[in-house]
Amino acid sequence: MVLQSSQIEEFRGHFRGDVLLPGDNGYESARKIWNGMFDRRPGIIARCVGTSDVIHAVNFARENSLLIAVKAGGHNSAGNAVCDDGIMIDLSLMRRVNVDPKNKTARVDAGALLGDLDHETQLYGLAVSGGGIVSHTGVGGLTLGGGFGWISRRHGLAIDNLISAEVVTADGKLLTASADENPDLFWGLRGGGGNFGIVTSFQFRCVELGPQIYSGLIIKKFEHAKRYMQFHRDFVRGLPDEMTVWMVVRHAPPLPFLPQDVHGKMVVIIPFVWLGDEAEGARLIQPIRDATPSHGEAIGMNSWVAWQSGFDGLVEHGARNYWKSHHLRELSDGCIDRVIEFADSMPSDEIEVFIPHMEGAPSRVPDTATAFAHRKTPFLLNIHTRWRKTQDDEPCLAWARDFHQVTEPFAQGVYVNFLSDEGEDRVKAAYTPEVWDRLVELKKKYDPNNLYRMNQNIKPA
Ligand SMILES: Cc1cc2nc3c(=O)[nH]c(=O)nc-3n(C[C@H](O)[C@H](O)[C@H](O)COP(=O)(O)OP(=O)(O)OC[C@H]3O[C@@H](n4cnc5c(N)ncnc54)[C@H](O)[C@@H]3O)c2cc1C
């Protein structure tokens with residue numbers, strides 16, 4: 001639909017933030033998202049600074065039949081935060097975090113980044129569990145999909161710590177969703193993504209944390225990868241929830257504590273976080289050191305805020321990215337063999353195979369308590385394919401797809417936040433059939449015309 005300039009001027013007149021059209025100052029930077037694969041050009045970018053702007057933009061889009069893309073942190077690898085034509089409702093200027101230290105809660109505007117959240121909550125020695133591992137990820141998308149992080153095994157997913165959300169529904173109404181108000185909407189927001197409305201703010205429960213935590217990295221030699229992984233899969237499942245140990249297979253970054261000849265070599269990185277006494281953490285981690293030879297390690301008391309942004313440099317904005325993922329039912333020998341085989345043939349030095357251990361507090365929440373359905377699987381296999389040049393698209397995409405396919409026999413479901421644009425069946429795979437049916441009913445109720453469809457879409461029929 002072609003809009004008249006008078007319509008745009010009228011829209012601008014009611015808008016507190018910026019309304020940007022192609023060619024306007026700031027348009028080019030506002031349309032950019034984390035994944036450099038997406039070079040889309042919205043017809044309008046509505047840079048909201050408050051709830052009223054969001055309502056106004058939703059009404060304007062609906063009345064003019066505009067496709068809506070919602071951008072919070074702009075981090076999602078599927079690229080749904082930006083559309084061609086249509087309107088980008090950009091929440092990224094809404095980054096306020098208000099902490100209530102007495103009640104240990106935080107009210108967070110929907111465009112805040114995880115780094116904003118850590119920065120403000122740590123002022124009071126608090127943190128929000130489930131708040132990811134890269135500080136430039138958005139709270140908005142992360143929370144609506146589930147949200148896990150270093151302390152979620154102990155304290156739950158972001159959605160398990162969500163008290164309420166303010167939501168602009170497709171008809172332009174502002175609703176509160178909580179256990180007491182619109183509980184069906186509250187259920188669906190916790191895992192159903194952006195399907196039911198635009199959240200303008202979240203209220204979270206906080207936990208006491210830091211400012212220092214015992215944490216670190218152990219860099220294992222790849223030649224012993226199979227033996228290490230066989231040890232790892234059983235060992236980490238026996239650890240207390242206060243200890244989170246993950247696994248990353250990749251080419252070694254130039255870490256200062258590694259000998260120079262290891263930089264760029266294939267390695268198995270074992271990062272961990274321990275919520276407790278340093279000596280006890282060291283005792284618990286010792287078997288990992290002993291399991292197989294290492295190239296080096298950096299372990300100690302680290303500031304929580306620094307740890308939370310310690311990996312940012314490996315995933316900065318702009319590179320080309322393609323993610324394939326699933327939850328793993330088992331990290332069996334067969335699965336380990338496939339991981340090692342595909343690690344050996346990585347088409348780019350920046351690719352990571354990320355295998356976090358997920359069990360703990362999230363798995364003790366009943367499967368249908370929220371829309372986040374796959375809570376019991378022990379591991380995730382996340383194939384972070386990342387490269388720079390367009391001419392490498394084909395080998396990188398093919399490698400990721402093949403790797404994903406050969407590990408399907410070991411998989412069960414997928415985390416909706418790690419999906420690329422993979423079609424409805426894959427969106428369904430993020431949910432159990434029971435949860436999916438409930439989500440469809442909810443979509444019919446809150447967004448019967450599928451106004452919010454640029455997402456991992458749940459169609460109303
Ligand atoms: C490098 C990297 C590291 C990551 N690490 C983790 C991690 O540790 N743990 C984890 O759980 N996930 C992680 N993720 C996945 C992350 O949770 C998703 O990519 C998430 O969608 C990012 O949110 P965003 O707001 O930045 O994204 P955006 O791209 O802005 O949003 C993604 C989609 O969510 C919807 N959306 C976002 N905000 C709103 C809103 N306020 N109202 C309605 N709909 C909205 C929209 O449909 C939008 O298209 C990581 C991703 C990356 C790229």
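# A Guided Look at Pockets, Cavities and Packed Helices

Guide: The second largest pocket is lined by 17 residues, and Ser 29, Lys 32, Lys 71, Gly 73 and His 317 lie nearest its centre. The model is predicted; local features need pLDDT of at least 70 and side-chain atom pairs 80 or more, while totals for chains, interfaces and linings use all residues. Residues are numbered from 1 along each chain as its sequence is written, and side-chain values use heavy atoms, with hydrogens and water left out.

Visitor: What makes a space a pocket or a cavity?

Guide: On a 1 Å grid over the protein atoms alone, a pocket is an open set of points with protein on both sides within 12 Å along at least five of seven lines, a cavity is a set where a 1.4 Å probe fits but cannot get out, and lining residues have an atom within 4 Å of a point. The second largest pocket has a volume of about 240 Å³, a volume being the space filled by probe spheres set on the grid points, which are joined across faces, edges and corners.

Visitor: How many cavities are counted, and which residues lie nearest the centre of the largest cavity?

Guide: There are three cavities of 30 Å³ or more. The largest cavity has a volume of about 110 Å³. It is lined by 15 residues, with Phe 148, Ser 152, Leu 157, Met 358 and Pro 362 nearest its centre.

Visitor: How are the residues of these two linings divided?

Guide: Ala, Val, Leu, Ile, Met, Phe, Trp, Tyr, Cys and Pro count as nonpolar, Asp, Glu, Lys and Arg as charged, and the others, Gly among them, as polar. The lining of the largest cavity then has six nonpolar, seven polar and two charged residues, and that of the second largest pocket has five nonpolar, eight polar and four charged.

Visitor: The axes of helix 8 (residues 225–235) and helix 9 (residues 278–291) come within 10 Å and cross at roughly 160 degrees. Why is helix 8 called roughly antiparallel to helix 9?

Guide: Helices (H or I, at least four residues) and strands (E, at least two) are DSSP runs numbered from the N terminus. Axes are lines fitted to C-alpha atoms, for helices over the stretch in contact, and angles run from 0 to 180 degrees between N-to-C directions. Angles under 35 degrees count as roughly parallel, over 145 as roughly antiparallel, 65 to 115 as roughly perpendicular and the rest as oblique. Roughly 160 degrees therefore makes helix 8 roughly antiparallel to helix 9.

Visitor: Which residues of helix 8 and helix 9 meet?

Guide: With contact meaning heavy atoms within 4.5 Å, Arg 227, Tyr 228, Phe 231 and Phe 235 in helix 8 meet Leu 284, Pro 287, Ile 288 and Ala 291 in helix 9. These residues divide into seven nonpolar, no polar and one charged.

Visitor: Helix 11 and helix 12 (residues 393–406) pack at an angle of about 170 degrees, with their axes 10 Å apart. What makes helix 11 roughly antiparallel to helix 12?

Guide: The angle of about 170 degrees is over 145, and that makes helix 11 roughly antiparallel to helix 12. Arg 338, Val 339 and Phe 342 in helix 11 meet Trp 399, Asp 402, Phe 403 and Val 406 in helix 12. Five of these residues are nonpolar, none polar and two charged.
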